[in-house]
Amino acid sequence: MRLGMVIDLKRCMACYGCQMSCKAEHGTPPGVFFARVLKREEGHYPTPRMLFLPVLCNHCSDAPCVSACPTGASHYAEHGIVDIDHDKCVGCRACMMACPYGNRYFHDERRYYFGDAGPTPYEQACSDRYPEGVVMKCNFCRHRLAEGKDPACVENCAAKARTIGDLDDPKSTVSRLIKERGGFTLHPEAGTGPNVYYLAP
Amino acid sequence: MNRYDQLIADLRSDYRPQREWGEGRGVLMVIGHFLVGIAGGTWLMASLYGVTAGLAVAYVLAALGALAHLAFLGRPERAFGMMRHFRTSWISRGFVGLALFLIGGGVYLAVTLFAPEGATGLVARIGQVIAAVGTVVIIGYMGFCYTASKAIPFWHSPLHPALYIAFAFRGGIAALLVIGAVTGAAAGAGLLEMWIGVTAAVALFFALEIHGAWSGGNVAARWSVRDILAGRLALLFYGGTLALGLIVPLALLLAPGVHSPVAMALVGLASAAGDFFMKLSTVRAGVYLPLVIPARRQRA
């Protein structure tokens with residue numbers, strides 16, 4: 001089984017629901033965005049338009065971050081999910097330079113959203129998950145998948161733009177969407193075999 | 001601007017600069033690469049010319065470089081874990097190479113300096129061979145670390161390893177010039193000519209890399225070139241690399257009269273400083289591949 005995601009850009013309305021639900025699920029510190037939405041203006045008057053591009057770790061089949069990692073902290077977990085073992089990471093940041101999608105973040109020091117007011121009880125509860133001096137990234141919400149749930153960004157996408165499933169199964173929804181709608185990946189020229197596909201807007 | 005605000009501003013920009021290597025504590029990594037590169041080159045050149053003081057200087061530089069690398073890491077206490085993945089990771093290979101250099105070089109130097117009668121013995125020879133393997137690795141690995149960085153098109157060039165190897169040679173020659181001036185020994189035969197030749201090679205590799213990045217069609221690589229030649233890094237490049245690293249040494253070498261030891265030391269120091277600024281500016285010039293929907297996919 002190879003887990004992958006399809007994001008329908010025609011459905012995405014850039015509500016940031018994925019970004020916020022990811023933040024809420026993982027309690028990531030300020031400056032760390034496992035999921036984020038990029039917005040870009042295209043064209044000129046009278047026909048300009050906004051393009052939205054939700055991005056996250058692509059859980060590549062041939063992940064350069066895994067090859068570049070000197071300690072094995074970046075590794076393939078079950079179903080091809082690329083994850084980081086925070087107990088092994090030395091914080092050399094080679095993976096950040098290797099990832100063509102820029103979806104890794106270095107947690108250099110503990111920060112809280114309300115600055116001098118200190119951590120909220122929620123931040124306090126979540127902060128233990130993220131040690132300082134290591135790199136962090138999306139792991140397709142492995143803890144939720146283990147419970148039979150979808151990742152938080154999929155579950156909370158108001159427009160149902162995100163679908164997760166088995167890319168090795170030709171009958172799965174993700175495989176069907178990619179085939180029928182011509183799914184594409186970002187930077188295919190990097191040769192990393194990304195497992196997050198997009199459907200054209 | 002604090003680090004958080006800087007990151008948010010970077011995430012919003014079309015061409016997001018990498019800041020982890022080369023800015024803030026990241027400068028330690030550039031310093032580490034600089035010192036280790038010079039150490040490798042110095043060990044090689046000192047072995048070639050039989051300068052024991054050069055071997056000792058190379059060892060000290062490598063040790064300082066290793067400390068700079070450790071200080072850069074987020075979790076230096078786990079550094080030994082970096083030996084695990086040498087089959088795929090250039091950082092890991094560099095760590096192994098540096099460890100071999102420090103172990104082998106340490107053994108060889110200890111015997112040579114403290115028990116000279118054993119300098120041709122088996123222990124010294126084994127140390128020398130291990131140090132030689134380490135030297136090859138530390139001279140070579142740095143360029144490959146950058147080339148393996150697929151996120152940064154400017155670094156992701158096959159010329160980067162050649163450039164870093166040439167830097168190591170130039171650094172080694174520069175160190176020997178300084179050591180010669182300090183110890184009062186005459187510069188080895190052909191050392192200045194070698195410096196000119198290697199400097200020409202560095203300039204050629206860099207020009208080819210800049211040309212390749214500019215004409216290669218990748219917008220992020222072009223942005224990096226623009227940053228170096230006419231943007232936020234222009235001062236580092238023109239002032240540090242070109243003026244200090246090239247024009248000053250050439251002016252000293254072309255000045256009429258005998259090359260005094262002080263002039264040779266200045267040539268070496270200016271050359272090394274130029275190399276540092278070159279490395280710093282190319283590392284800081286790194287810009288991430290922009291994430292965009294391919295034009296042909298923008299409409300279903």
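# Close-up views of a predicted model

**View 1. Helix H1 of chain A is largely enclosed by the rest of the structure, because 7 of its 10 residues are buried.** The model is predicted. The buried residues of H1(A) are Gly17(A), Cys18(A), Gln19(A), Ser21(A), Cys22(A), Lys23(A) and His26(A). Gly27(A) follows H1(A). Its phi is positive, near 60 degrees.

**View 2. Tyr16(A) lies in the loop between strand S1 (3-8) and helix H1 (17-26) of chain A.** Look at its backbone. Phi of Tyr16(A) is near 70 degrees. That is a positive value in a residue other than glycine. Is Tyr16(A) buried, partly exposed or exposed? Its relative accessibility is 29%, so Tyr16(A) counts as partly exposed.

**View 3. His59(A) is another residue other than glycine with a positive phi, near 45 degrees.** His59(A) sits in the loop between S3 and helix H2 (64-68) of chain A. Its relative accessibility is 0%, so His59(A) counts as buried. The cut-off for buried is under 20%.

**View 4. A cis peptide bond joins Tyr45(A) and Pro46(A).** Omega of this bond is about 10 degrees. Where is Pro46(A) found? Pro46(A) is in the loop between strand S2 (36-42) and strand S3 (49-55) of chain A.

**View 5. The largest nonpolar core has 131 residues.** Which residues have the most contacts inside this core? They are Met5(A), Leu53(A), Phe140(A), Tyr198(A) and Trp21(B). Helix H2 (residues 27-49) of chain B gives the largest share of the core, 10 residues.

**View 6. Tyr198(A) is among the residues with the most contacts inside the largest nonpolar core.** Its neighbours within four places in sequence are left aside here. Tyr198(A) is in contact with Ile7(A), Leu9(A), Leu53(A), Pro54(A) and Val55(A), among others. Its contacts also include Gly182(A), Gly183(A), Phe184(A) and Leu186(A).

**View 7. In chain B, helix H2 and helix H6 (residues 159-183) pack at an angle of about 65 degrees.** Their axes are 7 Å apart. H2(B) passes H6(B) in a right-handed crossing. From H2(B), the contact includes Gly37(B), Ile38(B), Gly41(B), Thr42(B) and Leu44(B). Met45(B), Ala46(B) and Tyr49(B) of H2(B) also take part. From H6(B), the contact includes Ala168(B), Phe169(B), Gly171(B) and Gly172(B). Ile173(B), Ala175(B), Leu176(B) and Ile179(B) of H6(B) take part too. The residues of this contact divide into 11 nonpolar, 5 polar and no charged.

**View 8. Helix H7 (residues 191-215) and helix H9 (residues 234-254) of chain B pack with their axes 12 Å apart.** The angle between H7(B) and H9(B) is about 150 degrees. H7(B) is therefore roughly antiparallel to H9(B). The cut-off for that term is over 145 degrees. The crossing of H7(B) and H9(B) is left-handed. H7(B) brings Leu192(B), Trp195(B), Ile196(B), Thr199(B) and Phe206(B) to the contact. They meet Phe237(B), Gly245(B), Leu246(B), Pro249(B), Leu250(B) and Leu253(B) in H9(B). How many residues of this contact are nonpolar, polar or charged? There are 9 nonpolar, 2 polar and no charged.

Technical notes
Residues numbered from 1 in each chain as written. Chains lettered and ligands numbered in written order. Predicted model: local features only at pLDDT ≥ 70, side-chain atom pairs only at ≥ 80, totals over all residues. Heavy atoms only, no water. Core = buried A, V, L, I, M, F, W, Y, C linked by side-chain atoms within 4.5 Å. Buried < 20%, exposed > 50% of the residue type's maximum accessible area, 1.4 Å probe, protein only. Helix = DSSP H or I, 4+ residues; strand = E, 2+ residues; numbered from the N terminus. Contact = heavy atoms within 4.5 Å. Axes fitted to C-alpha atoms, helices over the stretch in contact; angles between N-to-C directions. Parallel < 35°, antiparallel > 145°, perpendicular 65-115°, else oblique. Left-handed = near helix turned anticlockwise from the far one by under 90°. Nonpolar A, V, L, I, M, F, W, Y, C, P; charged D, E, K, R; others polar.
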